[in-house]
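Work through the exercises below with the sequence and the model at hand. Each task is followed by its solution in steps.

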Amino acid sequence: MKNIFLIALCFLSALHTLAQTKTIQFKKAIITVDGQLDEPIWKELPEHSGFYNYMPIDEGLAENQTSVQLFHNGEYLYVSLIYNDTTSRTQVSSLKRDVPIGLSDGFAMVLDTQNQQQNAYYFSVNSYSTQIDGIVERINEGYDFSTSWNTIWKAKAFMNGKQKQYEIAIPLKALNFDANNAVFGVQFYVRDIKNNSWTILKNVKRNYRLFDLRFTEKMTVEALPNTSNSRFTVTPSITANYQNDVVEDDTETTVKPSLDVQYNVTSSLRLDATINPDFSQIDIDQQVTNLTRFSVFFPERRNFFLENSDLFSNLGADGVNPFYSRRIGANSDIQFGLKLSGNVSPKTRIGILNVQTDKENEIASENFGALVTEQQLSKNFTATGFFINRQQTDKFEFTNDYNRVTGVNVNYKSDNNKWLGLANFGKSFTDGISKDNNFYNAGIWFNKRGLEWNASIKNVGKNYITDVGFTPRLYNYDAINDVVVREGYTQTTAGIEYQKFYEKSKTINSVRYLNYSNDTYLDEHGKLNQSSHFLNSAIFFKNLSALYYVFRYEYVDLKYGFDPLGNGNSLIPDKYRFGILRIGYNSANNQKFRYRFNMSAGNYYSGKRVAGGTYLNYQLLPFANLELRYDINKIDLNLLGKETFHLARFTGQVFFSNRLNWTTYVQYNTQRDNFNINSRLQWEYKPLSYIYMVVSDNYNKDIARTNWGVAFKMNYRFDF
């Protein structure tokens, strides 16, 4: 009887603890965010502990444990975290805001405030109190995250001997939530770069992505407020820009004011407005050597487009996306933009966007609009409908030059988290063009520890025109006749990966025995146009350094002239078969000096290709970070000529404090005939209020200056 009583008592205690771990309590307390954790409230709250290993092993509980506590007071969500390290030493790679903590000691958290596993907020802080925030969003085959989204919050790290203590305060007004759906999906991560480990609160195996929202701890939030205390954020800015075109012997000086406003319609529905925006503070894109026949994708990083961005960016499939926000404002300046996005009910999200661009010389003014509705049909199925419009305007009137795209997507996820599915249908309407304007896609992904596979098929009609989208393969440039030919196609994709983990080995962490994928393309008549094969294996050592090979083999039925060397001598239409083998090594990433290198050799269309690449990174912790990337591609096409493409990028970062840093990029790209220097001094004099001084200098590959400029920008963020 006594044993039964003890068992029952333990069971009730366990239930009580379980209940505690699933609640974010409401407390009328105010915290001084200093990392000290000396307020009485921290002694009253339950602790969430029992962190699991995620990397470099994903078995069992972590040896170095962590405890977390949370509560809110109706205005802020407060979080404390204590990591029990084995040393008082700490290591970081950067003091610059929004540099991910993957190469630093620190912790991160994910808040799925709608608990719909569609998108979430990301907050993290390294051991030098550097803040990182962003958004996690669902993509077709899983989840990804961006650090371009920002909000104002507080964070402080405190090194208490071997204990690494963190304290943060997140304003509830910054979060999209619904008081009638007061369950948050929450996940905590601790990064210890010294032993290259990730540990995690809710157990996740490493065959899933680190920020997979299907694996969050469900926590009920007590007494969530129905409305936000603050409903307005206003950010005016001014930019002064001087540009000197050396080739044309022309100079231009402009002064441009702009305004960004954010209004919380409800706690889960947000209105963003921008007037005369300027995006000069954004880092320049990293240049690439493009040896394909099609355009390269660059991600969106402008803050206006990022709130609830997954609503707009996941409307298609890989390589066929009807909405690509970088198209907006690419040819002429944006006059204004409005966006309403968020949840109108726990299972319904909407996104409404309208942006107007200005007329510049021969470029007409245009209006861009998007309407997206996402509905959670059940636990397993989500449907999304969309309508996108680009229309030329004449003052306040629309003209007949338009392109419209509409469609519906259905996403599936299984209860056991092993299966994902996607089906798409789209249709475009363009002035004067009809027929062959449909898009179809169906895909499936399977994932369990050690084994993954996927398969998909898509069909793109030649008139599935998406002026605000990204469908590069639809457009074929004929270098012989200097014309672009639009041609539809069918694509099948299949892939499989098998990996084995060796937790008990003293030298090997895991071996990727097989990673194979194939993309096959058929033209409009069902004839084989291209077949691309990818084969890879790799050995990952205990310190997570890796030795790998990659073999690519291509069959191409080239229908249009292609000039890969850029010398005017084009490959003629014919059937080509070629392959290339790459061997590489990546060092462990927890050292002050990190490096990667690779070598490649093989064929390229009718000729030969030899290539190599190296990456060097030296961290003068925590004051500076120096990085060098260099790639070389040597191509010999026999009678058509030979060319060597050099691509080099140096990044130097100097950190004066968490708020003040100086970053210089130097890029040399002979394929684009460009040598570019971009140097930027950035001072965050108040949270999310910045002063930028940017100097840019451009030369051709022979180091002859083409243009240079200086830009100054200042903004100030008001919260009402």
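**Exercise 1.** Decide whether Ser 325 counts as buried or exposed, and find its contacts.

Solution. Step 1: the relative accessibility of Ser 325 is 8%. Step 2: buried means under 20% relative accessible area, exposed over 50%, and partly exposed in between, with a 1.4 Å probe and protein chains only. Ser 325 therefore counts as buried. Step 3: Ser 325 sits in the loop that runs between helix H2 (310-313) and strand E17 (334-345). Helices (H or I, at least four residues) and strands (E, at least two) are DSSP runs, numbered from the N terminus. Step 4: contact means heavy atoms within 4.5 Å. Apart from neighbours within four places in sequence, Ser 325 is in contact with Glu 300, Arg 302 and Phe 305.

The model is predicted: local features need pLDDT of at least 70 and side-chain atom pairs pLDDT 80 or more, while totals for chains, interfaces and linings use all residues. Residues are numbered from 1 along each chain as its sequence is written, and side-chain values use heavy atoms, with hydrogens and water left out.

**Exercise 2.** Describe the surroundings of Asp 358.

Solution. Step 1: Asp 358 is in the loop between strand E18 (348-357) and strand E19 (366-376). Step 2: Asp 358 has a relative accessible area of 31%, so it is partly exposed. Step 3: the side chains of Asp 358 and Gln 335 make a polar contact (3.4 Å). A polar contact is a pair of N or O atoms within 3.5 Å; within protein, one must be able to donate a hydrogen and the other to accept it, and residues adjacent in sequence count only if both atoms are side-chain atoms. Step 4: residues up to four places away not counted, Asp 358 also touches Ser 332 and Asp 333, among others. Step 5: Thr 393 is 35 residues from Asp 358 along the chain, and their C-alpha atoms are separated by 9.4 Å.

**Exercise 3.** Which residues of the largest nonpolar core touch the most other members?

Solution. Step 1: a nonpolar core is a set of buried Ala, Val, Leu, Ile, Met, Phe, Trp, Tyr and Cys residues joined through side-chain atoms within 4.5 Å. Step 2: the largest core has 35 residues, and Phe 107, Met 109, Leu 111, Phe 123, Ile 168, Ile 170 and Phe 188 touch the most other members. Step 3: among the strands that each supply at least two residues of this core are E5 (106-112), E6 (119-126) and E10 (163-171). Step 4: a second, separate core of 25 residues includes Ala 317, Ile 328, Val 355 and Phe 368.
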